[in-house]
Structure formats: C-alpha cells, structure tokens
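Hello,

Here is the structure I promised to pass on. My notes on what turned up follow below.

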Amino acid sequence: MVAFLSSEVSEAPIRDQRVLDALLQVPRHEFVPVEVRDQSYNNSPLPIPENQTISQPYIVALMTQLLELKGSEKVLEIGTGSGYQAAVLGELADEVYTVEIVPALLETAKKKLEELKERGTLHYKKIVAVTADGSKGYPPGAPYDAIIVTAAPRRVPVELLNQLKPGGRLVIPVGDLFQELQRIRKKEDGSRIEEVIVPVRFVKLRGEGESGKGQ
Ligand code: SAH
C-alpha cells in the first residue's frame with residue numbers, strides 16, 4: 001500500500017511519515033463490507049451501506065496530510081461513513097470529533113472504532129462520534145485546529161471557517177458534478193489562504209447548510 005502512496009506517479013505524493021504509518025496501522029478491511037473485503041488494500045474507493053463510499057486510500061492519505069497534524073490537535077470530520085478516516089485521524093491527533101447524518105452508519109462506525117481500540121489495534125485518545133447534520137459544522141467541539149469534510153458541498157459553508165482556530169486548516173471537496181479538493185488555511189489575522197489541490201469525486205454533502213450562503 002505504501003508503494004502507491006509515496007509513488008511519484010501522483011502529482012502530490014504522500015511524504016508525511018506519520019500519515020504513512022497511520023495508514024499502515026489502521027486495518028482498512030475492518031471498515032469495509034464483507035463482500036468487498038478482498039479489495040481492501042487496492043487503491044480504489046469501495047461501497048459502504050446507504051449508497052455511500054469509503055474514499056480510495058490515496059485520497060484519505062492526501063487529505064490527512066493536508067491537515068498537517070502533529071499530535072496535539074482537535075480535529076472535526078464531517079461524514080463519518082465507515083469510520084475509517086476517523087480511525088486514521090485518531091492515530092494522528094489528540095481529539096477527534098466525527099459527525100454522520102445517517103444514524104445507522106454512525107452506530108456501525110462507532111462500534112467498530114470501540115472494538116478496535118479494545119483489541120489494541122487502534123490507539124486513539126479520544127474520538128467523539130455523533131449523529132448530526134455537519135453541513136454547518138459541529139459547534140459543541142469548536143473551535144478546531146483542523147476540519148476535514150468527506151462529502152462535497154457546492155460551496156464552502158461559512159460556519160466551517162468560523163469554527164476553525166486561527167492557524168487552522170479546512171480540507172474539503174467543493175463542487176457539484178465537477179469537484180475540486182481545496183485546502184483553506186485561516187491565518188492568525190483571520191484572513192484566508194485557499195489552495196486548489198486536485199479534482200475529486202465525492203458524494204454530495206446533505207443538509208440545510210448545503211444550499212445556503214457560502215464563501
Ligand atoms: N469518511 C468516510 C466516508 C464518507 S462518505 C469513511 O472514511 O468511510 C460521506 C459520508 O458523509 C456519508 O456517510 C454521508 O452519509 C455523510 N454525510 C453527507 N452529508 C452529511 C452531513 N450534512 N452531515 C454529516 N454527514 C453527512
């Protein structure tokens with residue numbers, strides 16, 4: 001798996017050793033449905049229940065690398081899905097909040113995260129997994145050092161920017177049919193630096209904040 005993550009064929013190779021280690025540490029097969037388990041270590045997205053998808057490992061690694069986690073951060077993930085990305089974040093940050101709009105997905109993911117922690121496979125300090133509409137962020141845990149969104153809104157919800165600490169990073173796919181992965185860094189003075197990273201294809205972000213005002 002590390003071969004394709006660090007390979008030069010991609011425009012943005014994964015060079016953050018902590019991210020590479022976390023991807024090796026977290027057993028992706030535990031988070032995918034039994035029917036596709038044999039494909040767990042291919043670099044491809046896989047279906048999870050409720051018509052959702054778990055991103056390909058390269059995109060998980062790239063988005064995680066863009067968050068620039070050193071270990072002391074509080075991170076918010078919007079779109080828990082299978083819980084795989086949350087597990088990766090848990091190995092790399094201090095506190096993870098992850099919100100999922102579909103209760104059944106959240107329950108399965110939460111159980112899996114707990115089970116793997118009990119087994120000693122995962123070592124996270126704190127993962128708070130809740131059913132909620134994350135299209136306007138998750139105020140109870142705010143402000144965050146980093147926010148990762150794993151479903152695409154048409155525009156960046158302004159609430160997410162408001163819930164970032166100064167110096168914080170937001171990594172988010174934006175768009176409709178055509179989507180691009182963006183990283184938005186909130187500077188200490190409150191101004192923002194926006195970078196467009198790569199074209200991506202994510203499921204749509206649902207919920208009330210999605211079609212509202214944006215940046
Ligand atoms: N990060 C996940 C994959 C996410 S797929 C993983 O590692 O498996 C996108 C997820 O976002 C889906 O589970 C979908 O139900 C969820 N989602 C969509 N809109 C949402 C919203 N407004 N708030 C929270 N979750 C949402």
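Asn51 counts as exposed because its relative accessible area is 75% (buried means under 20%, exposed over 50%, partly exposed in between, with a 1.4 Å probe and protein chains only). Asn51 sits in the loop between strand E1 (46-48) and E2. Helices (H or I, at least four residues) and strands (E, at least two) are DSSP runs, numbered from the N terminus. Asn51 is not a glycine, yet its phi is positive, about 60°.

A word on the source: this is a predicted model, where local features need pLDDT of at least 70 and side-chain atom pairs count only at pLDDT 80 or more, while totals for chains, interfaces and linings use all residues. Residues are numbered from 1 along each chain as its sequence is written, and side-chain values use heavy atoms, with hydrogens and water left out.

Glu68 also has a positive phi, near 55°, and is not a glycine. Glu68 lies in the loop between H3 and E3. With a relative accessible area of 27%, Glu68 is partly exposed.

The peptide bond from Ala142 to Pro143 is cis, with omega near 0°. Pro143 belongs to the loop between strand E5 (126-131) and strand E6 (144-149). Why list these spots? Most residues other than glycine have a negative phi, and most peptide bonds are trans.

**A buried arginine**

Arg183 is in strand E8 (residues 179-186). Its relative accessibility is 9%, so Arg183 counts as buried. Leaving out residues up to four places away in sequence, Arg183 touches several residues, including Glu68, Arg169, Glu194 and Glu195. Contact means heavy atoms within 4.5 Å.

**The chain overall**

The protein chain has six helices and nine strands. Of the 215 residues, 54% count as buried. Residues 24 or more positions apart make up 54% of the contacts with a separation of 6 or more.

**Cavity and pockets**

The whole structure holds one cavity of 30 Å³ or more. On a 1 Å grid over the protein atoms alone, a cavity is a set of points where a 1.4 Å probe fits but cannot get out; a pocket is an open set with protein on both sides within 12 Å along at least five of seven lines; lining residues have an atom within 4 Å of a point.

The largest cavity has about 360 Å³ of space (grid points are joined across faces, edges and corners, and a volume is the space filled by probe spheres set on the points). It is lined by 29 residues, with Gly79, Thr80, Gly81, Glu100 and Thr150 closest to its centre. E2 gives the most to this lining, three residues.

The largest pocket has about 240 Å³ of space. Its lining includes Pro45, Thr53, Thr150, Arg201 and Phe202.

The second largest pocket has about 210 Å³. It has 13 lining residues, with Phe31, Val32, Pro49, Ser82 and Thr108 nearest its centre. Helix H5 (residues 103-118) supplies the largest share of that lining, four residues.

Best wishes
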